[in-house]
Amino acid sequence: MTYQQTLDFLYGQLPMFQRVGAAGFKDGLVGVQKLVAAMGHPENKFRSVHVAGTNGKGSSSHLLAAMLQSAGYRTGLYTSPHLREFTERIRLNGRELTPEYLVAWVARWRGLFEEVQPSFFEMCVALCYDYFTAEQVDIAIIEVGLGGRLDSTNIITPLVSLITNISYDHQAILGDTLPKIAAEKAGIIKPGVPAVVSQTQSEVQAVFEHTAAERAAPLTFADTRYRAELLRDEPAAASQYLRLWRDGAVWLDEVELALVGDYQRLNLPGVLATVEELRRQGFGITDEHIRQGLRQVRELTGLRGRWQVIGRRPLTICDTGHNEAGIRLVVQQLSRLRYERLHVVLGMVADKDLGKVLALLPREATYYFCAAGIPRALPATELAAQAEGHGLRGPVCGSVAEALAEARRQAGPEDVIFVGGSTFVVAEVPDLYEAETGPETAA
């Protein structure tokens, strides 16, 4: 098969959750276990860190990988969903899986797939584990796809398990209360394996304590030990500068973080506590490696779409935040920018709680309603109608590219354009992969 035919084959195996939502979700570990058993159990042949959580697990995974790469380790990184290209999901020292490898791998195991009838995600996980074993990685950072307990990734025994935070998302699958959602995420905690929780949240703290105690897993609530203090409030800058505190004392000062979303300061305690645990287990990660990983995370890992500046004059920013908690943080950061007018290119998927998200968005902005090119996308006309009920108004533009182009036509040089509402909207931003246009700030 060609690369495109290979992708078509993969996407056709139980329609993928990324495209169709809950109808493409297949919980349980039986399918992936059959695959890895036939492949000689590659999941047992490399060291790993397992990362779950509602928001922040992708950024945390990239930050950990960047620090390990800076320390000279051959580092695998598995994340989902991809933005543009399937091969973004699997990286080795920041380099994407090659199309040639994917084609050959699917051809090799196609008979097995026809026998087992796995889901798209089960095949992705088996590919990732087989690839990291073949490439003899020193360590791999594995991001959970959805939930944790029944997620296909959850067949590894990692060196440490990291859970970023708990908020409402995918309630139809994971449960309609925070403790229920937390219980699914806590499913990645393994017997005797240290677990780190990035944020202490009173509603779910007991869930993690109970699971960890039941499994005799040492548990750390990272924000009780680590804190990231913002040194200069420049929300439109290319980097943010931080003072990192550990156990109540300044640890690292004037640290540059190349991810400028406010929410990254909530992710950092969990990342740093995880690094400390890896150090305890013998990894040679110095303070300078930590600084380098934070400073060069975009170049080292290819991370995109997290409060990313894609243009200046007008300042244009995109962010993949897509649920109530994520959008709340985005809106708070937007409120700290100075501008003449705010333009918002907005698209969402149909299976989100739109009312809670729309209620958070600023009414004074002009909206450009759009839909990403996936079946899950809420039609732009329907989104506009629901948004009007919350006092949010603007033209219906169709595609993401059309909406962004119209916003740029209407915006003045001192305005701000924000693009978001869905990971899939950000994925279709035409200049997402171009270099940022300079370090100067419009804030």
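**Strands, helices and rings**

Guide: Let's start with strand β9 (residues 226-230) and strand β10 (residues 240-246), which pair in the antiparallel sense over 5 bridges. Strands pair here if DSSP finds at least two bridges between them; strands (E, at least two residues) and helices (H or I, at least four) are DSSP runs, numbered from the N terminus.
Visitor: Before we go on, what kind of model is this?
Guide: This is a predicted model, where local features need pLDDT of at least 70, side-chain atom pairs count only at pLDDT 80 or more, and totals for chains, interfaces and linings use all residues. Residues are numbered from 1 along each chain as its sequence is written, and side-chain values use heavy atoms, with hydrogens and water left out.
Visitor: Thanks. Which residue in β10 is the bridge partner of R227?
Guide: R227 has W245 in β10 as its bridge partner. W245 in turn has V250 as its bridge partner in β11.
Visitor: And how do β10 and β11 pair?
Guide: β10 and strand β11 (residues 249-257) are antiparallel, with 6 bridges. L242 stands opposite V255 in β11. The two strands form a hairpin with 2 residues between them, and D247 in the turn has a positive phi of about 55°.
Visitor: What is the strand order in that sheet?
Guide: The order is β9-β10-β11, an open sheet of 3 strands with antiparallel pairing. β9 and β11 are the edge strands, each pairing on one side only. On average, neighbouring strands are turned by 25° against each other, direction ignored; such angles run from 0 to 180 degrees between N-to-C directions, with axes being lines fitted to C-alpha atoms, for helices over the stretch in contact.
Visitor: Switching to helices: at what angle do α4 and α11 pack?
Guide: Helix α4 (residues 57-70) and helix α11 (residues 287-295) pack at about 130°, their axes 8 Å apart. That makes α4 oblique to α11; angles under 35 degrees count as roughly parallel, over 145 as roughly antiparallel, 65 to 115 as roughly perpendicular and the rest as oblique.
Visitor: Which residues meet there?
Guide: From α4, L63, A66, M67 and S70 meet H289, I290, Q292, G293 and L294 in α11, contact meaning heavy atoms within 4.5 Å. The residues of this contact divide into 5 nonpolar, 4 polar and no charged. Ala, Val, Leu, Ile, Met, Phe, Trp, Tyr, Cys and Pro count as nonpolar, Asp, Glu, Lys and Arg as charged, and the others, Gly among them, as polar.
Visitor: How many aromatic pairs does the structure hold?
Guide: There are 13 aromatic pairs. The ring centres of Y78 and F121 are 6.2 Å apart and their planes are at 55°, so this pair is tilted. Rings of Phe, Tyr and Trp (its six-membered ring) pair if their centres lie within 6.5 Å; planes under 30 degrees apart count as stacked, over 60 as edge-to-face and the rest as tilted.
Visitor: Where do those two residues sit?
Guide: Y78 is in strand β2 (residues 75-78) and F121 in helix α6 (residues 120-134), 43 residues apart, so to speak a link between distant parts of the chain.
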